[in-house]
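Let's take a look at aromatic rings and how they pair up. Have the structure open while you read.

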Amino acid sequence: MNKLLALLQILIKQTDENHKLTTNQLIEKLAEQGVAAHRNTIPADIERLRNAGYDVICDKSTQNKYFIGSRGLESAEIKMLCDAANAAQFISEEKSAELIDKLFSQLSVYQKNEIKSLIQQPNENKADNKSIYYADAINTAITQCRKIRFQYYEYNEKREKVLKHNGYTYTVSPYAAVWNDDRYYLVGYCEKHKDITVFRIDRLANISIMESIAIPCPKDFVLKDFIAQTFKMFSGELETVTLKCKNKHMKAIIDKFGDDIETHSCDKHFFTVKINVELSPTFYAWVFQYRGEICIQSPQEAVDRFVQMGESVFKVHKY
C-alpha cells in the first residue's frame, strides 16, 4: 500500500482533536499494515498531505502529536445529515444506511461511535429502493432533455397498489425533482393534462427515458413560485385568498407561506393575510385544523367550499 495513503487513512480513522498519535505510534500503525516508515520521514509525509489539502495538525509538546483537524464537514453537521437521511421517507432504509456509512467515512472511529449513539432511528414509513432509481432516471432525462414515460399508482381499500386510470402511461417532459414536505416530486409538462403537473416520485411505476426531445420549460416558469403556489403539491385552482388569523398563529403563517407575505392588523387579537394558494382539500384541511382561529374571509367561493367540506365530514361521522 502507498505509504502516504496508508498514513492518511490512519490519521482520518484513528485521530481527532481528542485522540492524537505520536510519530512513533504512526510508525507502529504503518508497520501493522506492512508499510515501512522512519521517524525522520514522517514530518515530510505530513507536509505532503498538508500540501494536498488535508488539515493535519501537529500538537507540539514534549513530542509531536498529529491529528486531523477540519474534515470538510463538522461532527455536528454529519450528525444532522445522518438524522435527515433516516427521517426522509423518500430514501429507503437501505439507502439511508449507505449514505450514513459514506458520511461516517470522514470521521475518526471515536467520532463515529459517539455520533452513532446519538442519531435518530430510521423513519418507519420508508420508501422502497425503486424511488432512488426513479429519481436518478428523472435527473438523467432532465440532463439529456428527454421525455419520460411512466405509470402512476394509488391504493385501493385493501391497501393494494393499483395502477391509476387502468394503467394509463403518462408522457412527461421533466423540469425538476423537488423535495417538499418530506416527499419527492416530479415537476414537468404532462401531455395528458396539457399543463405543468406534479407527481409523487414514490408513486411512479415502470419509468423509462424516451428518445423524444422534451418540450422546453417555459421561459417565464419560476420553480420557486410554482412550488409556493401549488400548496403542498396538490392540484387545484390558483386563487388569492384572504385569511383572518389569531395573532398567536403568525409563526404558523410565516412557516407555511414565507416571511415576504403582507399582513395587516385587524384589532388587538387578529390579523389578515393575503396568500396565493391552490384551492384543494389539503388547503381546506390545513385551515380546518386551527378550529376557527384561522378562517377564510374571501373569496366567497373558497368560503363556500370550506363550509361544504365541513358539512360532508359531519355527515360521514353522523352516519
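Trp286 and Tyr290 are both buried in this predicted model. Tyr170 and Phe199 are buried too. How are the rings of each pair arranged? A pair of aromatic rings is described by the distance of the centres and the angle of the planes. Here are those values for the two pairs:

| Ring pair | Centre distance | Plane angle |
|---|---|---|
| Trp286 and Tyr290 | 5.3 Å | 70 degrees |
| Tyr170 and Phe199 | 5.3 Å | 65 degrees |

Planes over 60 degrees apart count as edge-to-face. With its planes at 70 degrees, the pair of Trp286 and Tyr290 is therefore edge-to-face. Tyr170 and Phe199, at 65 degrees, also make an edge-to-face pair.

Now, where do Tyr170 and Phe199 lie? Tyr170 is in strand β6, which covers residues 170-180, while Phe199 is in strand β8, residues 195-200, so their pair ties together parts that are 29 residues apart in sequence. Ring pairs also link Tyr170 and Phe199 with Phe150, Tyr152 and Tyr168 into a cluster. A search of the whole structure turns up 13 aromatic pairs.

The charged end of Lys192 sits over the ring of Tyr168, 4.8 Å from its centre. Likewise, Lys244 has its charged end over the ring of Phe270, 4.9 Å from the ring centre.

Finally, is Asp255 buried or exposed? Asp255 belongs to helix α9, residues 250-257. Its relative accessibility is 55%, so Asp255 counts as exposed. The C-alpha atoms of Asp255 and Leu103 are separated by 30 Å, and the two residues are 152 residues apart along the chain.

Technical notes:
Residues are numbered from 1 along each chain as its sequence is written. This is a predicted model: local features need pLDDT of at least 70, side-chain atom pairs count only at pLDDT 80 or more; totals for chains, interfaces and linings use all residues. Side-chain values use heavy atoms; hydrogens and water are left out. Helices (H or I, at least four residues) and strands (E, at least two) are DSSP runs, numbered from the N terminus. Buried means under 20% relative accessible area, exposed over 50%, partly exposed in between (1.4 Å probe, protein chains only). Rings of Phe, Tyr and Trp (its six-membered ring) pair if their centres lie within 6.5 Å; planes under 30 degrees apart count as stacked, over 60 as edge-to-face and the rest as tilted. A charge sits over a ring if NZ of Lys or CZ of Arg is within 6 Å of the ring centre and within 35 degrees of the ring normal.
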